[in-house]
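Let's take a friendly tour of this protein model, one part at a time. Keep the 3D view open as you read and try to find each part for yourself.

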Amino acid sequence: MNPNNVKIRVEHLKKDFGSLQVLKDVSAEIHEGEVVVVIGPSGSGKSTFLRCLNRLEEPSGGKITVDGIEVTDSQKEMNRLRERVGMVFQHFNLFNNMNVMRNLMLAPVDLKKCSREEARERAETMLARVGLKEKANAYPRELSGGQKQRVAIARALCMKPDIMLFDEPTSALDPEMVGEVLEVMKELAREGMTMVVVTHEMGFAREVADRVLFMDDGLILEEGTPDQIFRNPQNPRTQDFLNKVL
């Protein structure tokens, strides 16, 4: 981790859905090479916070700077942002009418203007990285849930991102498939990828996170190292939540 290089700076972020205030006043910094895990109850604003970081949700107020790019209305800025930031969702969002290789090649060819040759080479490398090189010609319907999610991670990596965002990447998986996805994420963390992960996997947070943020009611109520948060939480709401989930 490089604490002197702030990859994501969030200042007084707010997000409203009509009269519902989902994010009330959220400020945070994520540093280069840091793994930040966001935990909290359902409805606390975790996923909305993550989706605001690459403008999948439009902030209602505040300021977000990602990798030196202020998140604004400019389409050019959005394209630059999404080249730098990969995102993996709960559901895999693979194109069912395309095989795995075509799913991985699509964005580099269309958005980064890679040659098909370069895109294919990169796709093969990333499939090998997630342990699925032999599935290049398979279609999503032929894959297990864990394999689909690993393909989704490989697809995001094909854009050569500096930052990876994970929105509950294991919540839609059968329990026996969770481990294979978490192992890929652990490997990315070991390689120094900057990561922000919303998850209910407390074991992953304990093992991999540099820092844990606890969110509830649209606010970050507590943050600290995994040891601080899990062994000695200070906020009563954090204590109550962890007593229920651990």
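## Helices α3 and α4

In this predicted model, helix α4 spans residues 116-129 and packs against α3 at an angle of about 125 degrees. The axes of α3 and α4 are 9 Å apart. Two packed helices are described by the angle between their axes and the distance between the axes. Angles over 145 degrees count as roughly antiparallel and 65 to 115 as roughly perpendicular, so α3 and α4 are oblique to each other. The crossing of α3 with α4 is right-handed.

Which residues of the two helices meet? From α3 come Val100, Met101, Leu104, Met105, Pro108 and Val109, and they touch Arg116, Ala119, Arg120, Arg122, Ala123, Glu124 and Leu127 of α4. Sorted by class, the contact of α3 with α4 holds nine nonpolar residues and four charged ones, with no polar residues.

## Helices α3 and α5

Helix α3 (residues 100-110) also packs with helix α5 (residues 145-157), this time at an angle of about 30 degrees. Here the axes are 8 Å apart. Angles under 35 degrees count as roughly parallel, and α3 and α5 are therefore roughly parallel to each other. The crossing of α3 and α5 is right-handed.

To find this contact, look for Val100, Asn103 and Leu104 in α3, which meet Val151, Ala154 and Arg155 in α5. The residues of the contact of α3 with α5 comprise four nonpolar, one polar and one charged.

Now turn to the strands. Four of them make an open sheet with antiparallel pairing, in the order β2-β1-β4-β5.

Threonine 65 stands opposite glutamate 70, which is in β5. Helix α1 lies across β1 (2-17), β2 and β4, and runs at about 115 degrees to β1.

## Two residues with positive phi

Next come two loop residues. Arginine 55 sits in the loop between α1 (46-53) and β4 (61-66). Its phi is near 65 degrees, a positive value in a residue other than glycine. Is arginine 55 buried or exposed? Its relative accessible area is 13%, and buried means under 20%, so arginine 55 is buried.

Aspartate 67 is found in the loop between β4 and β5 (69-70). Although aspartate 67 is not a glycine, it has a positive phi of about 55 degrees.

## Phenylalanine 230

Our last stop is in helix α8 (residues 226-231), the place of phenylalanine 230. Phenylalanine 230 has a relative accessible area of 9%, so it is buried. What is phenylalanine 230 in contact with, leaving aside its neighbours within four places in sequence? The list is Ile39, Met202, Ala205, Arg206, Val212, Leu242 and Leu246.

Phenylalanine 230 and lysine 63 are 167 residues apart in sequence, and their C-alpha atoms are 30 Å apart in space.

Technical notes: Residues numbered from 1 in each chain as written. Predicted model: local features only at pLDDT ≥ 70, side-chain atom pairs only at ≥ 80, totals over all residues. Heavy atoms only, no water. Helix = DSSP H or I, 4+ residues; strand = E, 2+ residues; numbered from the N terminus. Buried < 20%, exposed > 50% of the residue type's maximum accessible area, 1.4 Å probe, protein only. Axes fitted to C-alpha atoms, helices over the stretch in contact; angles between N-to-C directions. Left-handed = near helix turned anticlockwise from the far one by under 90°. Contact = heavy atoms within 4.5 Å. Nonpolar A, V, L, I, M, F, W, Y, C, P; charged D, E, K, R; others polar. Pairing = 2+ DSSP bridges.
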